Amino acid sequence: MIVLSGTIGAGKTSLATLLANHLGSEAFYESVDDNPILPLFYENPQKYGFLLQNYFLNKRLDNIKDAQGSALNVIDRSIFEDLLLFQLNADLERATQTEVQIYGELLQNMMEQVDFSDDAVVKTPDLLIYVNVSFETMLGRIKKRGRAYEQIENDPSLYDYYKELTSRYHAWFDNYSASPKLMIEGDKYDFVNNDEHLNEIFAIIDDKIKELGIKG
Ligand SMILES: Nc1ncnc2c1ncn2[C@@H]1O[C@H](COP(=O)(O)OP(=O)(O)OP(=O)(O)O)[C@@H](O)[C@H]1O
């Protein structure tokens with residue numbers, strides 16, 4: 001299983017589709033627009049933060065189970081980043097540190113590999129790909145995509161939230177050690193609109209898959 005990671009608007013969902021197509025595997029998505037908690041969370045993070053994390057945890061585990069068929073299947077967002085977002089929310093007093101602790105322990109427990117039979121669900125990715133985009137690119141994408149609850153015009157406090165999120169993402173990726181990892185420069189390669197860039201990205205990922213011996 002290949003999992004994508006990166007901040008809001010990094011291009012994970014698009015890359016998941018393109019990459020799965022390229023690898024002849026399947027992509028699995030966390031549908032953002034159907035998420036009933038997300039708009040509530042943006043409106044009242046204190047009230048809905050913990051519920052949102054539990055919602056995501058459940059959905060991401062579903063994705064991991066669904067993606068078991070092939071090591072080349074692609075998931076559009078890793079389960080590991082949620083703790084980063086939740087910790088940020090707690091540090092901004094939109095959730096409590098106790099909630100983060102309980103959530104973190106639950107996550108750890110759920111991710112533990114307890115079944116060693118041949119058909120056990122393998123929860124750790126074969127490869128994590130981080131799409132690194134700058135703060136400016138992130139803001140541009142959020143604006144262009146236009147999801148109402150993500151817009152800074154509707155809630156100016158989101159500017160600081162997004163800024164802090166961007167800087168924490170870099171540290172998160174540096175510290176990530178649950179699986180092999182690869183960083184892609186999302187500012188440099190416009191893989192959504194430029195086929196040449198897309199092919200360059202594919203070549204980088206193909207090399208890594210070969211080096212790691214990942215087979216479908
Ligand atoms: N654990 C979380 N806690 C709080 N908000 C979250 C969490 N995970 C995702 N979100 C929010 O959900 C929305 C979707 O984020 P996500 O990065 O998964 O998708 P995306 O923005 O469509 O990414 P891409 O454009 O790279 O496909 C964003 O508003 C993000 O802030």
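This report walks through the sheet, the cores, the ligand shell and a few single residues of a predicted model.

## Ground rules

Since the model is predicted, local features need pLDDT of at least 70 and side-chain atom pairs count only at pLDDT 80 or more, while totals for chains, interfaces and linings use all residues. Residue numbers start from 1 along each chain as its sequence is written.

## The sheet

Let's start with the strands. Five of them form an open sheet in the order β2-β3-β1-β4-β5, with parallel pairing. Strands here are DSSP E runs of at least two residues, helices are H or I runs of at least four, and both are numbered from the N terminus; two strands pair if DSSP finds at least two bridges between them. The edges are β2 and β5 (181–185), each pairing on one side only.

β1 pairs in the parallel sense with β3 over two bridges and with β4 over four bridges. I2 stands opposite V74 in β3 and opposite L127 in β4. Along β1, I2 and L4 point one way, V3 and S5 point the other way, and all are buried. Buried means 20 or more other C-beta atoms within 10 Å of the residue's own, exposed means 12 or fewer, and partly exposed is in between, with C-beta atoms placed from the backbone.

The largest nonpolar core has 32 residues, and I2, L4, A16, V74, I75, I129 and V131 have the most contacts inside it. Here is where it draws from: β1 (2–5), α1, β2 (27–28), β3 (74–75), β4 (127–132) and α8 (195–212) each supply at least two residues of this core. A second, separate core of six residues includes F50, F86, V100 and Y103. (A nonpolar core is a set of buried Ala, Val, Leu, Ile, Met, Phe, Trp, Tyr and Cys residues joined through C-beta atoms within 7 Å.)

Contact means that the two C-beta atoms, placed from the backbone, lie within 7 Å.

## Around the ligand

The ligand is surrounded by 17 residues, the closest being I8, K12, T13, D82 and L85. Three helices, α1 (12–23), α3 (45–66) and α4 (81–91), each give the shell at least two residues. By type, the shell splits into eight nonpolar, five polar and four charged residues. (Ala, Val, Leu, Ile, Met, Phe, Trp, Tyr, Cys and Pro count as nonpolar, Asp, Glu, Lys and Arg as charged, and the others, Gly among them, as polar.)

## Annotated residues

An unreviewed UniProt entry has a "binding site" annotation covering E30, Y42, Q53, R77, D82 and E150. UniProt positions follow the numbering used here, feature names are shortened, and annotations may be inferred rather than shown by experiment.

R77 sits in the loop between β3 and α4 and counts as buried because it has 23 C-beta neighbours inside 10 Å. Beyond its neighbours within four places in sequence, R77 is in contact with L4, S5, K12 and E30. E150 is in the loop between α6 (135–145) and α7 (158–175), and is buried, with 20 other C-beta atoms within 10 Å. Not counting residues up to four places away in sequence, E150 touches I8 and I142.

Methods
Near = placed C-beta within 6 Å.
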